[in-house]
Amino acid sequence: MSDEPPLRFPVEVVGAVDRIVSGARARRGWFMHRRANRRGKRDLGLTDDGAWDVIAALTVADYHAGPEPDHHFADRQLWVFAPLVGTARAYLKVSFRPSDHPPDTTLVVWSIHPARFEMRRPYA
């Protein structure tokens, strides 16, 4: 038995992962129309549905960074994750966009592509 205390995940990270997973399962959001996203999904061997499945399977162990300010929208925050897709580590950046419909937010997937640098996973 280890003398180290169990790892505790910050409530904010757990809440963000829950919201992201819930949105991805419901396909409540969209991928930014960027060449890097289209190429990134292709490089990871993912269709849109496959990418949603990867996002819906996120856990706090996939957390990399955030919340970080979104330089496009001052009232939004970005979250970065490093899920494993097959044998490749992916870079995934998402934010929440306010919505008029319950549950009041939709997901915006800013980036999804193979990681281009070592992804820190503080809770893995």
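**Exercises on salt bridges in a predicted model**

Arg 27 is partly exposed, with 33% relative accessible area, in a structure that is a predicted model.

**Exercise 1.** Determine how many salt bridges the model contains, and which residues form a network of them.

*Solution.* Step 1: the criterion is a side-chain nitrogen of Lys or Arg within 4 Å of a carboxyl oxygen of Asp or Glu. Step 2: applying this rule gives four salt bridges. Step 3: a network of salt bridges links Arg 27, Asp 49 and Asp 53.

**Exercise 2.** Locate the two partners of the salt bridge between Arg 27 and Asp 53, and classify the exposure of Asp 53.

*Solution.* Step 1: the N to O distance between the two side chains is 2.8 Å. Step 2: Arg 27 lies in the loop between α1 (11–25) and β1 (29–31), while Asp 53 belongs to helix α3 (residues 48–56); the pair, 26 residues apart, thus links distant parts of the chain. Step 3: Asp 53 has a relative accessible area of 44% and is partly exposed.

**Exercise 3.** Decide whether Lys 41 is buried or exposed, and treat its salt-bridge partner Asp 48 likewise.

*Solution.* Step 1: the side chains of Lys 41 and Asp 48 meet at 2.4 Å, N to O. Step 2: buried means under 20% relative accessible area. Step 3: Lys 41, at 8%, is therefore buried. Step 4: Asp 48, at 40%, is partly exposed.

Key
Residues are numbered from 1 along each chain as its sequence is written. This is a predicted model: local features need pLDDT of at least 70, side-chain atom pairs count only at pLDDT 80 or more; totals for chains, interfaces and linings use all residues. Side-chain values use heavy atoms; hydrogens and water are left out. Helices (H or I, at least four residues) and strands (E, at least two) are DSSP runs, numbered from the N terminus. Buried means under 20% relative accessible area, exposed over 50%, partly exposed in between (1.4 Å probe, protein chains only).
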